[in-house]
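Please look over the sequence and the model shown here before reading on. The report that follows takes up the contact between chains, then the parts of each chain in turn.

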Amino acid sequence: MRKVNQKGWFFVLPVLILVAFNALVPMMTVVNYSVQETFGDNVFFWQGLDWFQQILRSERFHAALGRQFLFTAMILAIEVPLGVIIALSMPRKGFWVPVCLVTMALPMLIPWNVVGAMWNIFTLPDIGLLGYLMNHTLGIDYNMTQDPVAAWITVIVMDVWHWTSLVVLLCYAGLVSIPDAYYQAAKIDGASNWSVFRYIQLPKMKQVLTIAVLLRFMDSFNIYTEPFVLTGGGPGNSTTLLSIDLVKIALGQFDLGPAAAMSLIYFAITLFVSWLFYTLMTRNDAK
Amino acid sequence: MAKITLDKLRHSYMGNPKGPEDYALKEINLDWQDGGAYALLGPSGCGKSTLLNIISGLLQPSEGRILFDGEDVTGLPPDRRNIAQVFQFPVIYDTMTVYDNLAFPLRNRGVDEARVASRVAEIAAMLEVTEMLKTRASNLSPDNKQKISMGRGLVRDDVNVVMFDEPLTVIDPHLKWKLRSKLKELHQRVKVTMIYVTHDQTEALTFADQVVVMQDGEIVQIGTPVELFERPAHTFVGHFIGSPGMNVLPAELKGETAFFNGAAVTLEGGVAPGAGRHEIGIRPEFVTLAATGLPATVRKVSDLGRHSVVEAIAGDTRISAIVEGAVPGQGETVHLAFRPDQTRLYRDGWIASEKGRAA
């Protein structure tokens with residue numbers, strides 16, 4: 001029998017320990033909270049799956065989940081096509097390439113809470129540049145602290161501003177890897193611009209686009225800081241996304257049990273939808 | 001199908017070229033006859049791909065005109081020139097099947113499906129890819145991908161010219177030979193003008209009726225493979241074609257007699273008077289080991305199976321000879337004889353001796 005060298009395990013051990021302490025152990029404490037009731041002092045009462053039932057039947061959770069899906073769907077529907085269009089129109093060679101790339105990367109370098117604060121000030125009706133312009137110059141009634149529609153539009157525009165660059169940069173990387181001969185051959189074959197996009201550019205971008213969609217889905221589905229700083233979830237509950245609601249339950253109301261159950265459901269949904277996206281988008285590759 | 005004329009064509013990749021050294025192509029005047037099989041042969045960087053891209057319209061020449069059947073097409077984009085081009089590395093549309101790949105150039109031009117089906121079937125049969133028609137093109141091996149690229153170039157039967165830009169680079173040696181003869185066969189069948197760019201002399205000589213040899217953006221010689229081999233117009237052609245290439249010996253010209261290392265060498269014929277740097281050119285095939293003649297020391301003998309290449313040194317000039325049968329050993333002194341009717345004189349690189357005219 002061939003002797004297997006088991007030393008490899010030692011090399012994996014540090015990573016295993018790291019992952020255990022930053023993911024598995026915290027997660028197990030959440031699992032622990034989700035099936036028990038506590039009033040502090042480290043006293044716990046067994047609750048079984050009660051919290052899960054409570055969360056799954058709660059209208060408040062349904063509403064937050066609905067808002068979350070709407071938000072994610074809207075930003076994906078805007079950022080992915082917009083990102084592809086911007087990537088396609090960026091120059092491939094010459095002086096403007098680094099200028100475009102740096103400009104594109106800038107929004108992503110700004111810390112999330114700063115983005116929220118920036119947009120908050122930007123949209124203040126009397127002193128913010130955008131708010132003042134809308135209300136006093138253009139005469140459009142715009143106040144996102146009172147109008148839910150304005151609040152939604154602002155949150156979405158902010159996310160588009162902050163994260164479209166990620167899609168652009170990934171798509172651009174896919175596009176520049178296409179050799180010139182492909183475009184030349186397409187020209188000679190008499191292909192239309194649409195055909196070039198459909199049969200050359202899109203297939204080459206598909207891999208990076210899959211990653212872009214996955215990253216944007218996960219980040220937007222878990223988004224917390226920016227809308228929290230911008231609107232605080234309001235007006236009313238209109239922009240209370242899942243994570244904002246979760247923090248309200250956990251830290252605002254100190255309902256640790258339901259919050260833990262909600263965290264696990266939240267996590268399961270994120271994981272499932274990510275898996276679904278990935279499976280659907282890579283389905284044809286094996287053929 | 002068309003006759004292609006290149007009229008005073010020049011091209012520079014620089015904004016405002018100053019001297020001739022700034023031009024990738026220096027004044028090209030050339031006629032490609034309708035239905036011919038041409039090869040454009042030259043070392044890397046000699047301008048042959050530039051010339052090809054100008055003919056296909058991917059590149060606009062700095063100066064000069066391109067005519068298809070006398071009609072100026074210089075300003076037309078590639079898709080309006082009605083040409084086909086096969087690139088060095090296979091270009092296939094990954095998401096399509098082999099069938100759709102081959103049908104693509106036809107469908108883009110609105111050819112009806114029945115005709116598309118018959119053309120694709122015909123080309124697939126010629127290239128022996130019929131059984132792959134339904135597979136996705138991305139799953140093919142590199143040589144099959146290149147076959148499909150070629151197929152897309154050949155599928156339209158109304159093209160003015162089909163151009164090949166070193167199409168066999170990625171192909172395995174044993175398949176290279178097969179595809180090359182396939183192309184030759186295809187040319188005889190479809191009778192469309194074909195231009196084949198390569199730096200490989202074997203490919204050029206086996207494929208083409210006429211070979212255009214280029215160097216440094218200039219056409220050095222145009223001729224049949226036999227002409228290029230037997231009577232190179234320039235020492236570069238002599239060097240570049242043949243294995244090993246032509247021997248080039250520094251010479252002195254006194255009157256109409258050439259001297260190498262002080263010994264008179266008989267040439268094919270007379271020499272036009274003139275001054276310049278003179279060289280004698282003789283192919284290794286026409287150098288023989290003889291009892292008398294130019295003394296030289298054997299440096300190296302390479303046995304190539306059917307014959308041997310003897311590399312000898314006379315003075316400080318290397319001379320190769322192709323010898324069949326017994327060969328001398330290294331370090332031996334031999335006498336070399338040149339076949340007079342194959343011995344040429346070159347002046348500043350260009351041929352200066354004249355065949356048949358006695359000295």
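## Where the chains meet

In this predicted model, 20 residues of chain B are in contact with 15 residues of chain A, two residues being in contact if their C-beta atoms, placed from the backbone, lie within 7 Å. On the side of chain B that touches chain A, the elements giving two or more residues are α2 (78–81), β6 (83–86) and α3 of chain B, where helices (H or I, at least four residues) and strands (E, at least two) are DSSP runs numbered from the N terminus. The most is given by β6(B), with 3 residues.

By type, the residues of this side of chain B divide into 11 nonpolar, 4 polar and 5 charged; Ala, Val, Leu, Ile, Met, Phe, Trp, Tyr, Cys and Pro count as nonpolar, Asp, Glu, Lys and Arg as charged, and the others, Gly among them, as polar.

## How to read the model

Residues are numbered from 1 along each chain as its sequence is written, while chains are lettered from A and ligands numbered from 1 in the order in which they are written. Because the model is predicted, local features need pLDDT of at least 70 and side-chain atom pairs count only at pLDDT 80 or more, whereas totals for chains, interfaces and linings use all residues.

## Layout of chain B

Chain B is divided into domain 1 (4–230) and domain 2 (244–351), with bounds that come from an automatic or database domain assignment. The centres of these two domains, taken over C-alpha atoms, are separated by 38 Å, and the C-alpha trace of chain B spans about 75 × 45 × 35 Å along its principal axes. Its secondary structure comes to 9 helices and 21 strands.

## Strands of chain B

One open sheet of chain B has 4 strands in the order β2-β1-β4-β5, with antiparallel pairing; two strands pair if DSSP finds at least two bridges between them. At the edges stand β2 (25–32) and β5 (71–72) of chain B, each with a single partner strand, so one side of each is left without a neighbour in the sheet. Strand β1 (residues 4–11) of chain B is joined to β2(B) by 5 bridges, and Leu9(B) stands opposite Ile28(B) in β2(B).

Elsewhere in the chain, strand β17 (residues 308–314) and strand β18 (residues 317–323) of chain B pair in the antiparallel sense over 7 bridges. Ala312(B) has Ile319(B) in β18(B) as its bridge partner, and in the hairpin of these strands, which has 2 residues between them, Gly315(B) takes a positive phi near 65 degrees.

## The nonpolar cores

A nonpolar core is a set of buried Ala, Val, Leu, Ile, Met, Phe, Trp, Tyr and Cys residues joined through C-beta atoms within 7 Å. A residue is buried if 20 or more other C-beta atoms, placed from the backbone, lie within 10 Å of its own, exposed if 12 or fewer, and partly exposed in between. The largest core has 77 residues, of which Tyr38(B), Ala39(B), Leu40(B), Ile195(B) and Tyr196(B) touch the most other members. Helix α3 (residues 98–107) of chain B gives the most to this core, with 6 residues.

Apart from it lies another core, of 29 residues, including Trp51(A) and Phe71(A).

## A buried residue in chain A

Ile156(A) has its place in helix α7 (residues 148–176) of chain A, and counts as buried because it has 20 C-beta neighbours inside 10 Å. Not counting residues up to four places away in sequence, Ile156(A) touches Met74(A) and Ile75(A).
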